[in-house]
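I opened this model to look up its surface, its helix packing and its charged pairs, and I kept my notes in that order.

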Amino acid sequence: MRWLGRLFNTRDTLVRLTLLDLAGVGYLVFCTQAGRTPTVTQWILAVGAFAAALLLHRRPVANMMVQAALLAAAIALLDDIMINQVGASWALIEITIGAYRARTIWLAAGLLAVVDLTNTIGDPADRVAAGVVGLALEVGIPLLLGLVIRANWNLARQAQERAVAEQRQHESESRAARADERSAIARELHDVVAHHVASMVLRVGVARHVLTDLDPRIDEVFDDVHGTGTAALGELRRLVAVLRDPDGVRGDAALTAIEPSALPAAIGAAIDRARQAGITVEADLDPAIGSLDAVRGMAVLRLTQEALTNVAKHAGTSAVAHLVVAVRDGVVHWEVADTGRGGVPAGVPTGGGLLAGVPTGGGHGITGMRERVEVLGGRLEAGPSGTGWRVRTALPAVVAASDRAPVRSVPGERGAPADSPAPESA
């Protein structure tokens with residue numbers, strides 16, 4: 001049915017006029033009156049009507065003038081004026097459909113009515129009356145059909161404009177709602193989280209200066225906690241800036257991406273920090289990670305930090321973690337697996353404390369890892385592996401919407417029932 005709808009589309013005038021011309025040729029060949037062969041004059045006037053309809057399909061007013069003139073000639077010269085009469089009536093339909101001003105439509109209808117009435121000049125009154133009534137068929141129906149099509153087009157266009165306006169309004173409201181939500185989150189981060197982190201950093205700094213003659217290992221822990229807290233506070237401030245004005249800091253690579261050449265060093269720093277927390281980390285890093293794009297590089301870094309945090313938090317500082325980052329055929333294969341043996345010694349800061357600068361406890365680490373991977377078109381797998389735990393993913397080289405797959409959760413979470421969510425860090 002699509003082709004039928006296009007038949008009365010303003011962009012397809014040539015299509016319907018071609019079909020009209022083919023119908024006219026069929027009439028001349030098969031349907032002439034009483035089986036008579038069309039005369040030369042009839043063919044000339046018909047071919048003129050056909051050619052005018054095709055050549056002037058983009059100029060309906062000019063086509064109407066030519067068709068009216070050919071109809072007048074046919075009335076004077078022919079007995080069978082069907083072809084030229086239909087051509088003129090159809091030209092009126094085209095004007096009614098596409099004219100910008102109503103005056104053009106009524107002038108065209110008046111012209112066709114006058115030309116049709118010339119066929120009754122000199123006829124008795126009853127034939128003149130019949131000709132006037134016949135205008136309903138020759139002028140009225142084409143005019144009515146054109147007005148109906150025009151009205152339907154206007155309604156369709158208005159509906160489309162309303163839909164576009166509603167979509168823009170919805171998008172505007174969504175942007176406003178997101179802005180309000182970002183502002184609220186920024187206030188909470190600034191007033192609560194950043195305040196407490198700043199207080200912690202300040203107190204650790206005071207302790208470093210007040211407490212003297214400490215064991216070098218304790219002093220090293222103080223330095224590490226102070227440095228981690230200071231770095232976390234700086235990232236919180238940048239995050240607050242992004243939440244308040246995303247466009248103003250869009251170019252800040254530290255927030256959304258990392259330079260490819262800096263990725264190996266950044267991963268190495270995350271490994272060193274985990275080792276300082278007491279975890280044994282075995283790393284197998286592909287040198288090709290130094291050429292990753294900035295977005296996937298940031299994802300690999302954040303996944304590594306979060307996974308090592310979870311190892312310290314859930315497996316304990318006696319665990320052995322094995323980190324693998326490999327690039328094969330443009331796909332980044334990332335995995336962190338741990339032995340799961342050992343516990344967390346009392347008084348030793350773990351996971352969220354030493355590695356992430358935030359307290360331990362339930363958080364949104366796995367959820368954040370899953371969302372980060374899905375945005376890049378990858379798939380995250382998390383679940384038990386022997387006596388320990390394994391998290392792995394593959395980040396495709398080219399992200400397509402159809403390639404995105406949800407996380408596959410493996411039952412049997414560490415320290416939780418089989419149907420409970422995976423352990424997370426803040």
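Helix α7 (residues 125-210) gives the largest share of the patch, three residues, while Leu214 lies in the loop between α7 and α8 (216-244); helices are DSSP runs (H or I) of at least four residues.

I noted that the model is predicted, with local features needing pLDDT of at least 70 and side-chain atom pairs pLDDT 80 or more, while totals for chains, interfaces and linings use all residues. Residues are numbered from 1 along each chain as its sequence is written, and side-chain values use heavy atoms, without hydrogens and water.

I then searched the whole structure for salt bridges (a side-chain nitrogen of Lys or Arg within 4 Å of a carboxyl oxygen of Asp or Glu) and found four. Arg275 forms one with Asp272, their closest N and O atoms being 4.0 Å apart; because they are three residues apart in helix α10, about one helical turn separates Arg275 and Asp272.

Methods. Helices (H or I, at least four residues) and strands (E, at least two) are DSSP runs, numbered from the N terminus.
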